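I set out to record what I looked up in this structure, entry by entry. The notes follow below.

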Protein chains: 2
Amino acid sequence: MPYYIGDVIKDARKLTARTPEKFREGGIEIIIDNGVAEVDERRQEVILADGKALPYDILALGTGTEALRPGIPGEDREGVFLLRKLTDALTIKSYLEATGCRRAIVIGAGFIAMEACEAFVTRGIETEMIHRGKLPVARWDAELSSALLEEIKRRGVIFTSETTLTSIVEGAAYRLRLNTNRGPREADIILIATGVRPDTRLARAMGLTIGASGAIAVNFSQRTCRENVYAAGDCCESYHRVSRRWVNIPLGDIANKQGRVAGSNIGGTPRIFPGVVGAQSFRIFSWEAAAAGVTEREAATAGFHPISDVFWGNATAGSMPGPKKIGLKLIADRATGRLLGAQAVGEQRVVGRINTLAAALWAGLAIDELGYIDLAYSPPFSGAWDVIHLAAQNLLRKM
Amino acid sequence: MPYYIGDVIKDARKLTARTPEKFREGGIEIIIDNGVAEVDERRQEVILADGKALPYDILALGTGTEALRPGIPGEDREGVFLLRKLTDALTIKSYLEATGCRRAIVIGAGFIAMEACEAFVTRGIETEMIHRGKLPVARWDAELSSALLEEIKRRGVIFTSETTLTSIVEGAAYRLRLNTNRGPREADIILIATGVRPDTRLARAMGLTIGASGAIAVNFSQRTCRENVYAAGDCCESYHRVSRRWVNIPLGDIANKQGRVAGSNIGGTPRIFPGVVGAQSFRIFSWEAAAAGVTEREAATAGFHPISDVFWGNATAGSMPGPKKIGLKLIADRATGRLLGAQAVGEQRVVGRINTLAAALWAGLAIDELGYIDLAYSPPFSGAWDVIHLAAQNLLRKM
């Protein structure tokens, strides 16, 4: 009898509503609202919070992440939310509907914080983003993240940078007051979106090997250091094909793939998780942002000799109407000429280009090949020389 | 003194208007309205139509293509046009403006014919497409080209298939009448868009080697069989990295790249044209069509063992609003598992996916890698499993 122990969303959308049913059809017993207290590896039993023991032959961990918190007084007040699970989103939505929220503060400026800003603004809520750094989305080059910052400001988002937080107390004009080194800020809702870390509590208690990234170490079959314990998703590491290091990248598509690889191996069909190239994307209003590979800092840490260039070009041919600016940063290794990373922002056709470069990173292509790679040209989709060709040629001239 | 002999557009757009000036700034003498009669290789002279002789050390041919014609009586009547050069487009535009054209016939159903249909319909002209085959754009699988056919019909284009042409005569209700095996059709303008072939007349007269494709044979430096004669663009062959054969693919982006490679080598900076993977795209109304690699027939001719599958999936995550259907055909080699070709149609994000697969084809990736390749996932841009992953996994199951 296989068990599923965790949260199952029952009331969200049609798709997730059918999840429990699907589990049962597959002969899986679902255990919710009853956490795991410990794992007794000697007896091969999972002990639940209520003391119930479930026997296992093979154990798979998908413990995901924990949200990081600023650690300030008042961060658990009513109206202060985290956004980690679908249930968090549903709770926030109910809160907004019930309280008639007029103003929101988003703490953090990663891509989840950006997406949350858009959601608030779209509901007509005045939104302030409060960030400890200078620019949002640290993964992207300052020139590119500045363009995204302009976009959120154009949409009315107030961006308050280089801010340290002191406490959250009751507000005067709005329900809550956030005290900071830049003075108090008030809002009816405060969303903490300051990132996540892998949830390895159970794995540590079991004495499983934790990698340098802080996530559970696994091999290409998603097996941990124990013969009969697997891990998949945000709680574990992935092999990065560019840096050739084991990293933790908590993203849904990677978790999906690892879950299938783990399940396949447990079920007896051998399968390998071939690793990642750090591809990710998000939309913020009408802008797309995407990246793949490593940053210059990650490249240098891995022992490469990174050189980079930011190129601004056109998403479509110059003769086509409409918005077309696209900023593309390429990072290459001075020693081998190999492409190491790519970051892009713009209003059109950004993600397709980063995916093209993700495939190039996957295959280990060199920057000089990208200057002449054959792409599907047509004026509505690119110039005869695509921004990829031009950016690659520009970087090559610098090398 | 370098010479440029050919057409230079003087009155089209700002960009092209500046072309002669740019040539002169580069110290190039421009010769227009005076064709090449012959090349005297012994004396290293180009003889113009008016008898003038131009000496050369190195000769570069960029003779492009000739438009194919049906070869029927009346095909040179006023109101019957070819569409090969920018001047053709300008002449057609003037004709439409001057004559108040009400109805157009487009002969052919390749991507140029499709684009021409869109241009006519957008001007409010009733348009009929007349094709000898059953479906438009033969490169795309019937399932995909049928979707494009539905789109042009939805926009009011009349599509008449399996038609052979007899003659073009004066019309009654409209200016021209096209007689066919399916009866007469009338229109104020008839556009012949039945394809092109490389213009190798001069090359053949010089005795240059012509490849099996019918285009001028060149090496990776764009040099022909003669030490001091180069060729670039639609008139010559390209190395196809998938079929590993020399092919003729007349497309502007390839011509641009080859021209730069030829010029670079002539100028003393060694450069290689690394070949093509047959990437192409076009837009037809709100649909995108793109392809890369080889078709099953080309794959079989090259000695591969093609197997293919057409997969219909979503361009964005299922939870996102708006149109999302995308049809993706993948072709792989049964013997090696290598990806050989990809074709796609849909209303969103088609070209980016084909470019991703073009990079995969460029690098020679296998179909099983594409089932788990790391792409930049976010719901506005794809599902957690992208249509590329799903199509690859589907095809893999068939293999």
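This is a predicted model: local features need pLDDT of at least 70, side-chain atom pairs count only at pLDDT 80 or more; totals for chains, interfaces and linings use all residues.

Is A:F285 buried, partly exposed or exposed, and why? A:F285 counts as partly exposed because it has 16 C-beta neighbours inside 10 Å, and a residue would need 20 or more to be buried.

Entry on A:F285. I located A:F285 in the loop between β20 (280–284) and β21 (287–293) of chain A. Its phi is near 55 degrees, a positive value in a residue other than glycine.

Entry on B:V137. I then looked up B:V137, which is not a glycine and yet has a positive phi of about 35 degrees. I found B:V137 in the loop between β10 (126–130) and α5 (142–154) of chain B. B:V137 counts as buried because 23 C-beta neighbours lie inside 10 Å.

Entry on the contact between the chains. I recorded 41 residues from chain B and 41 residues from chain A in the contact. On the side of chain B that touches chain A, the elements giving two or more residues are α7 (252–266), β20 (280–284), β21 (287–293) and α9 (350–363) of chain B. The largest share of that side, eleven residues, comes from α9(B). By class, I listed 26 nonpolar, eight polar and seven charged residues on this side of chain B.

Entry on the core. I found 214 residues in the largest nonpolar core, where A:I354, A:A358, B:I354 and B:A358 have the most contacts. Leaving aside residues up to four places away in sequence, I noted that A:I354 touches A:A279, A:S281, A:A290, A:A291, A:A292, A:A342, A:A344 and, from chain B, B:A376.

Technical notes:
Residues are numbered from 1 along each chain as its sequence is written. Chains are lettered from A and ligands numbered from 1 in the order in which they are written. A nonpolar core is a set of buried Ala, Val, Leu, Ile, Met, Phe, Trp, Tyr and Cys residues joined through C-beta atoms within 7 Å. A residue is buried if 20 or more other C-beta atoms lie within 10 Å of its own, exposed if 12 or fewer, and partly exposed in between; C-beta atoms are placed from the backbone. Two residues are in contact if their C-beta atoms, placed from the backbone, lie within 7 Å. Helices (H or I, at least four residues) and strands (E, at least two) are DSSP runs, numbered from the N terminus. Ala, Val, Leu, Ile, Met, Phe, Trp, Tyr, Cys and Pro count as nonpolar, Asp, Glu, Lys and Arg as charged, and the others, Gly among them, as polar.
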